[in-house]
Structures are given as C-alpha cells and as structure tokens.
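Take a look at the sequence and the model below.

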Amino acid sequence: MDKKKKIWLTVGIVLTLLGAIIFACVTVAAKGDYTKLSMGKYVSKEYEIEENYENISIVTDTADVVFAAAENGETKVVCVEEENAKHTVNVVENTLVIELQNERKWYENWFNFKSPKITVYMPQTARLALKVQTSSGDVTIPKDFQFESMEVLGNTGDVVCEASAFGEINIQRSTGDIRLSNISAKALTIASSTGDVEISNATFEESVDITVTTGDVSLQNVACKKLISNGDTGEVELTNVIATEKFLIKRSTGDVTLKKCDGLEITIETDTGDVTGSLLSAKTFDVKTDTGDVKIPADGNGGVCKITTDTGDIKIVVE
C-alpha cells in the first residue's frame, strides 16, 4: 500500500471513530430517548367539526392514524405534528378531508425519531366510507365503529382493525403487519409485500382474498364464501375456517396447516412445504408430491380436495 492510500485509510478510520464517539455522547445526553434528537418542533392542534359529512379521506406521510369514540358524539380531530408539516382539516363535498401540507426541507427528515399522530374522535353511530393513505405510519381502528366501506393504503406501517364494514374492506401495505379481529364485512382484500396477516373471529358474506410476497398468514374462526390466498414465502395456518364454496391456497415456500377447516372445493399448491391438518367432511382426494410422504383418508363424497407439492409431506385427516 502506497503512502497516499495509507493516509486516506487513516483519515477514514479517524472520522469513523469520531462519528461513533459523537453519537455515543449524544445518546447519553438524550438518556436513550432518540425522540429528543428530532430536528422538528412539534405542536398540537385541535379541530372541532360542525358540518355534516358522509366520507372520511386522510392523506398523510409519516403520521400514525388513530380513531376513537367521541364522548359527546361530536367529531373532533387532534393533530400532533411538526410546525412545518401541518395537516389541513376541512369538510369538502360531504367528505371530511385531512391532508398533509408538507413544507419541510429534504434534509429536515434526517434526524426525526418522533412520529406525528392524527386522532379522529367521531360518533359511534356514524356510517361512513373511510379511506386512509399513508407513506409510513400505523393505522388503528377500534371496535367502536361500523363503516360503510374501508380502504387503507400505504407503504410502511402496521394496521390494526376491529371495526366492521357493511361493504368491502381493502387493505394494501408494502411493509407492515395487518391484524383484524372481531369484524364482519361483505368482502375482504389484503395485499402485502412484507408482513404477517392475522385474522380472527370474522365473517364475510363473499370472498377473502389475501396476497403476500413474504409473510405468514394466520386465520382463526373465519367464515366466508371463498378463501383465496397467494404468496411466495411464508406459512399459512387456518383454524376453524369455513368456506361455503372453495379454498384456493398457493405458496412457493411455506407449510400449509389446516385445523378443523372445510370448504366445498379445496385446492392447495406449494413448491416447498408440508400440507397437514384436519377437515370436517369427507372429500375426494387428488394429491401429488414429488418428494414426501402422503397420508390421506379414503375418498368420500364431500367435494374435491386437490393438493400438490413438489417437496413436502401431505397428511390430512377427517374429523
């Protein structure tokens, strides 16, 4: 190594060590609370909504979105936000519109460890069409409400929902877990690139359609007409899931486990993974595995169960 390279290498090492020392000192000064290091100044603003509205539209960036029951039955929006990234709150054409007005410079996002938050207090009797769109931020919808329909879109952030809908529920996230419980709706569509999907104690008049790229899917005590689940990598675990028409489950890599489940027609395809579990009625079985053991009951007259896997065991019982 020549002299010039040695000098630059030494400078690089010194700067790296200096940066680590400065970061350690700042961390100690903040006592481990990185929100104290945020560059933006946060303010809280409250909006009282007196106009009538039939829909809610929320478009934000990094804010968490939370819904809560209004104690006095009147709508109120509370925004905890950065001074230069405030939200406007207005009723426009029967829609309560909450939108981010971002005036931040690009470098002001570098050291921002605190998340803005939007809390919507609204009457429990409201029957509204809801649409929430975030870039990164969690969305929490409690059991106090039943919406006309729900659409939650975004890149990064968890979605927790215990509210039902008369119509369809549509949730699309790039990264983040999705958890639904104690709900009902006409139909459900979920699309997630990276994240787990958990649904429990739910009833849907029509289809449940779940697409994940990488993530586990767990359904417990779910009733629907059709269950469709596609994905590349991840486990599928179904417990007491009943489809009056069909199951269609496809995975590239991951086990599929059925516990006390049933459907008139069942199709399961996986490249690498075991398919095991129990069904509630007899089936005519059509199974194939290139590498793996097969153990299935004798054929019955309860519909067709087709299972195909390249590498994995197939073991099914009828209870």
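Which side chain does Arg 179 meet in a salt bridge? The partner is Asp 177, at 3.5 Å from N to O. A salt bridge here is a side-chain nitrogen of Lys or Arg within 4 Å of a carboxyl oxygen of Asp or Glu. Arg 179 is partly exposed, with a relative accessible area of 34%. (Buried means under 20% relative accessible area, exposed over 50%, partly exposed in between, with a 1.4 Å probe and protein chains only.) The pair is part of a network of salt bridges that links Asp 177, Arg 179 and Glu 198.

Before going on, a word on the source. This is a predicted model, in which local features need pLDDT of at least 70, side-chain atom pairs count only at pLDDT 80 or more, and totals for chains, interfaces and linings use all residues. Residues are numbered from 1 along each chain as its sequence is written, and side-chain values use heavy atoms, leaving out hydrogens and water.

How confident is the predictor? The pLDDT (its confidence in each residue, from 0 to 100) averages 88 over the chain, and 84% of the residues score at least 70. Residues 33–38 fall below 50; beyond near neighbours in sequence, this stretch has 14 contacts in the model. A contact means heavy atoms within 4.5 Å.

Now the fold. The chain has 1 helix and 26 strands. These are DSSP runs, numbered from the N terminus: helices are H or I with at least four residues, strands are E with at least two. Of the 319 residues, 38% count as buried.

Strand E15 (residues 178–185) pairs in the parallel sense with strand E12 (residues 159–161) over 3 bridges. Two strands pair if DSSP finds at least two bridges between them. Val 159 has Ile 178 of E15 as its bridge partner. E15 also pairs with strand E17 (residues 197–204), again parallel, over 7 bridges. There, Ser 184 stands opposite Thr 203 in E17.

Back to charges. The whole structure holds 6 salt bridges. One of them joins Glu 148 and Arg 127, whose closest N and O atoms are 2.5 Å apart. Glu 148 lies in the loop between E10 and E11, and Arg 127 in the loop between E7 and E8, so the pair ties together parts 21 residues apart in sequence. Glu 148 is partly exposed at 32% relative accessibility, and Arg 127 is partly exposed at 47%.

Another joins Lys 226 and Glu 245, with 4.0 Å between the closest N and O atoms. Lys 226 sits in strand E19 (residues 217–233) and Glu 245 in strand E20 (residues 236–253), 19 residues apart.

Key. pLDDT = per-residue confidence, 0-100.
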